[in-house]
Amino acid sequence: MFDNLSNRLQDVFGDLRGKGRLTEADIDAAMREIRLALLEADVNFKVVKAFVARAKEQALASDVLESLTPAQNVVRIVLEQLTELLGSDAVKLKLSSRIPNVIMLVGLQGSGKTTAAAKLAFRLKNAGHQPLLAACDVYRPAAADQLESLGGDIDVRVFRGDGAHPVQIARDAVREAIDSLRDIVIIDTAGRLHVDEEMMAEAAAIKEAVQPEQIFMVVDAMTGQDVVTVVQAFEQRVDFDGVIMSKMDGDARGGGALSIREMTGKPIVFTSEGEKPSSLEEFHPDRMAKRILGMGDMVSLIEKAQTLAESELEEEEAARLARAELTFDDFLMINRQVRKLGGIGSLLKALPGGEAALAGGQVDEKALDRMVVIINSMTHAERAKPSLLNGSRRARIAAGAGVEVFAVNQLVKQFEETRKMMKKMGMLEAQPAAKRPRKGKKGKRNRRRSLPQIPGAGKLGAGGLGSGLGGSMSAADLRKLGDMLK
Amino acid sequence: MSIFDKISAGLARTRERLGEQLNVILDRAPALDEDFWDDLEETLIAADFGAPATLDIIDQLQDSAQRLALPDGRAVLARLAETIAGMFASAADDPFAQPRACVLFVGINGSGKTTTVGKLARAGVEEGRRVLLGSADTFRAAAIEQLDVWAGRAGVEVIKRERGADPAAVSFEVIERAEATGADLVLIDTAGRLHSSDDLMRELEKVVKVTRRRAEQVLDAAGGPAPLLVRTVLVIDATTGQNGLAQAREFDARLDLDGVIITKLDGTAKGGIAVAISHELGIPVLRIGVGEQIDDLRRFDPLGFAQALIG
Ligand SMILES: Nc1nc2c(ncn2[C@@H]2O[C@H](COP(=O)(O)OP(=O)(O)OP(=O)(O)O)[C@@H](O)[C@H]2O)c(=O)[nH]1
Ligand SMILES: [Mg+2]
């Protein structure tokens, strides 16, 4: 796995400290790292070539060589350039005054059109529209059933013209929308290969028949170098107005977004990040740029943690955590939360230095499992009042969990340490505002909701979690941090 | 008929395009200069081999170019297919050739799992196997109906439960049914999932564990032990880029994969990521998908694949 680009550039420039002035050759070395990072992210190799050449020019033109922190400066230049190329301002969905508006989705097989269609419908419905979904994939078995089921979940009507030709279904759907007073028709089409003449002609015919206001191409974020060929073919045969990048909840860097912009000029309009109908997001070029460079999607992780912190933590629990009265039941709950965020691994990966820590094998995901087993062998009283845990109780728990007493002792120790740490933080919080400037009202602190400490992460060095999400942060803290990073 | 012919139908386009590119290299730079190696590198990168595998291949070729004093680019390219083919892990035992097997199909959303199960069901029937399908995708809307249609096309029985049912419980039931009917090739479709979703990967681990445990205890009609060999196969889309390696690594870490199937090779994507996966993780490629029809499935042959890839 490639390490975070900033770290790698740090390495490149690190040796050069004390050498005084950097040379063009040093910049070349940095550009090689950037090239590799972009290729690793699946940016098309032609685009990479052009991009790196421009970045080098910029780096030479600016005072990077003279600066004390060349690595950071190169990263800044590259990030800025990448963000700009991805589209400086977000492009919105454009609707006309025609009734109904027609939105058509196209793309390769398995790219995620049907899911995206339902998400788009959900979004528009929440914005006060009355969408109608049209099932024009007549080839894949049960495709219309899938759309109908998704439509049912979000309470949006699905038009299916079983047995009819896709062009006819599209036409009928528009008529149906007029009859039933719906203002938007979303047409889900079959996945097709860009080299399949017949199927491409069909897509063009659907377009011709219903004259969509917007055509979106749905592109899988995991697509490799071929994305350029595919997108250009779709552009030529049906043309489209923008792209929905799907499967963005995975860990693909999504360099295809850059290739698409560069080769077709088409904007990315939405990103689709999961199976929930609400997970269609507007595209953020700056976040995408960071993601492509492997700089960890801090922002979305923080947002994720924020939502969890707000929705999952009960007031009482939060208050108790804030007072550092940790119990083993809290430990279990924390464990559940870490899992919801995708496990320690994915949490770490999103943090600066996290990938390095992971690569160094310092994180043991299984430790969580072992912990849960041990805690499950405790009585409720023991969980709530850990001081009860004398030698014989520990032996009983060990036997119940099928582990050595040693493991139980270790857990208890870990627990005590965490509790101490939280106490310390609690004390910090309690200091007068003058000593520890803090925005926001004091009174609010009582209502703070904590993001839990992450167990097992204590093994990490200073560069790891300690500097990131460790400690107990309130949802407000998180929001602030998120805003800062945006 | 050469192996070449067998897969060339599906790979015709791929071959043409990559071949064209290589011809351009040959025409322009037969000398073994820096341009030649640069162009070769670009060609491999463009085929999704990824930087590490590409550099590996180029190293090997540069090495033999020097050792054998190869005269020009043509001589180097003549060794390219072999070099690529040599990077694939070989399949010691084809799960589909085992006399009694249960294969679980796993992978990312939309990679082609269900379609592949349908194709393999037909292939099994044609070989005279007693095939049974199981729908452990109880999550995605209409996934069960989709597999049902494929079962109909292949003419085999499918075990299914209602949407939302526990996939491990469905798999358990599938094995019970296989025991009762004496099925000897059981194919289980699972829900698409991202390798980065811890919860869903855990679910899958459980499905495989439960299936394994039950499959070991299968008895034949006479009450003698007749265990089914349980195998896990990753289905991956040929258009997948470098993330494919992360996917394969995670699925392998969780399930100990026995093979990979690459789908959608009928497009223009070259599926170079398969080389990286097979090479780095030592997982053999078992079949390739070359279309949406029931017979659009081919056996995988490394040299044929590599030759077809470069023309
Ligand atoms: N062109 C082409 N299309 C394929 C191939 N294999 C599958 N497909 C298509 O890819 C799409 C997705 O296939 P599925 O079999 O539903 O994929 P899946 O992995 O089961 O998808 P989920 O269950 O939703 O995760 C369908 O439209 C298939 O027809 C292939 O080899 N070539
Ligand atoms: Mg499926």
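How many residues of strand β5 (residues 214-220) of chain A are buried? In this predicted model, seven of its seven residues are buried, and the strand is mostly covered.

**View 1. Neighbours of β5(A) in chain A.** Strand β1 (residues 101-106) of chain A runs parallel to β5(A) and is joined to it by four bridges. In this pairing Val106(A) is opposite Met217(A). Strand β6 (residues 242-246) of chain A also pairs with β5(A) in the parallel sense, over five bridges. Here Met217(A) stands opposite Val243(A). Between β5(A) and β6(A) the chain passes through helix α9 (residues 227-237) of chain A, giving a right-handed β-α-β crossover.

**View 2. Helix α6 (residues 113-126) of chain B.** The helix has 14 residues, so at 1.5 Å a residue it should span 20 Å; its end C-alpha atoms are 20 Å apart, in agreement with this. Eleven of the 14 residues are buried, and α6(B) is mostly covered. Among the buried residues are Lys113(B), Lys119(B) and Arg122(B), together with Val117(B), Leu120(B) and Ala121(B).

View 3. Gly128(B) follows α6(B) and has a positive phi, near 80°.

Technical notes:
Residues are numbered from 1 along each chain as its sequence is written. Chains are lettered from A and ligands numbered from 1 in the order in which they are written. This is a predicted model: local features need pLDDT of at least 70, side-chain atom pairs count only at pLDDT 80 or more; totals for chains, interfaces and linings use all residues. A residue is buried if 20 or more other C-beta atoms lie within 10 Å of its own, exposed if 12 or fewer, and partly exposed in between; C-beta atoms are placed from the backbone. Helices (H or I, at least four residues) and strands (E, at least two) are DSSP runs, numbered from the N terminus. Two strands pair if DSSP finds at least two bridges between them. A crossover is right-handed if, with the strands pointing away from the viewer, the path from the first strand over the helix to the second runs clockwise. The expected span of a helix is 1.5 Å times one less than its number of residues.
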